[in-house]
Amino acid sequence: MADRDPGGISPLQQMVASGAGAVVTSLFMTPLDVVKVRLQSQRPSVASGKCFLYCNGVLEPLYLCPNGTRCAAWFQDPTRFTGTMDAFVKIVRHEGTRTLWSGLPATLVMTVPATAIYFTAYDQLKTFLCGRALTSDLYAPMVAGALARLGTVTVISPLELVRTKLQAQHLSYRELGTCVRAAVAQGGWRSLWLGWGPTALRDIPFSALYWFNYELVKSWLSGFRPKDLTSVGISFVAGGISGTVAATLTLPFDVVKTQRQVALGAVEAVRVTPPRANSTWLLLRRIQAESGTRGLFAGFLPRIIKAAPSCAVMISTYEFGKNFFQRLNQEQPLGP
């Protein structure tokens, strides 16, 4: 991302540019996010000897049952997805096309301010680090990206949880409110930050890797820029490549985050005390034991299909907005 000079755009203009990019990206990418969450939240087929709670589309193991005939009623396993296209077809067939945009209002409420804060913080931190020579120009994007993402994740985590449940379980807003209130009553307000650990482990490395690779790829492409490739076009290509690499390396943490957040409030229906949440590393080991390495990369295709274009669209829209405001600021003194 180009270094800003004192005559560049203001932080407010940066927030407007990034917010516009977030709206465009969310409208196009929400269906892929819904499919990814559904693939990640489904569990292996029901094993004998366990009772399960089927709650709004999520199958959750509750306790061991020594005598299957004396257990509570058994429930049929919900429709299972075998892959990305299978998930698209079955969601549309059984739940309607609108389900692919479930959670969009929560996504917009979360994404627009989060993206505005995140991109503005990144630009400001990068300029600060480079200006004070606190780190080399090579690693400044990595440090600035990680710090900007840490603050954003902490502020937005409760809304991320709400969006995940809307997408995974297709809850109405009334059902969602009941679920959240039940979780707060049982686990306190800290339960709204359920999944913060794996979310941070996913997003902070993602951000560090993304900005580090983005600046490198952008610099490399600028040196070999074809005549018909604009600076916004370079940002589009660099953003897509960098987003793909970062999304692939951090996918296991995304799976853990999804499974933790989907489980919120599932045990309230039978009024049992929820077990203490396992650490991220224990959950990674459990997922690998249940589903193998493939389970750690559940939702790989929709995440990559989403990550590449969303990162490309977001960063190129942001750069376009910055260029627009820079030209506007340069022309403003010439006005009456």
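A contact is counted here when heavy atoms lie within 4.5 Å. By that criterion, among contacts in the protein between residues at least 6 apart in sequence, 80% join residues at least 24 apart.

The structure is a predicted model, in which local features need pLDDT of at least 70 and side-chain atom pairs count only at pLDDT 80 or more, whereas totals for chains, interfaces and linings use all residues. Residues are numbered from 1 along each chain as its sequence is written, and side-chain values use heavy atoms, with hydrogens and water left out.

The protein has nine helices and two strands, taken as DSSP runs numbered from the N terminus (helices H or I, at least four residues; strands E, at least two). From the N terminus the order is α-β-β-α-α-α-α-α-α-α-α.

The pLDDT, the predictor's confidence in each residue from 0 to 100, averages 75 over the protein, with 72% of the residues scoring at least 70.

| Element | Residues | Mean pLDDT |
|---|---|---|
| strand β2 (lowest) | 58-64 | 30 |
| helix α6 (highest) | 196-223 | 88 |

Over residues 46-78 the pLDDT is below 50, and this stretch has 56 contacts in the model beyond near neighbours in sequence.

For "transmembrane region", the unreviewed UniProt entry lists residues 12-35 and 100-119; such annotations may be inferred rather than shown by experiment. In the model, residues 12-35 are 100% helix and 0% strand, with the end C-alpha atoms 34 Å apart.

Of the 336 residues, 47% count as buried, that is, under 20% relative accessible area with a 1.4 Å probe, protein chains only.

Conventions. Buried means under 20% relative accessible area, exposed over 50%, partly exposed in between (1.4 Å probe, protein chains only).
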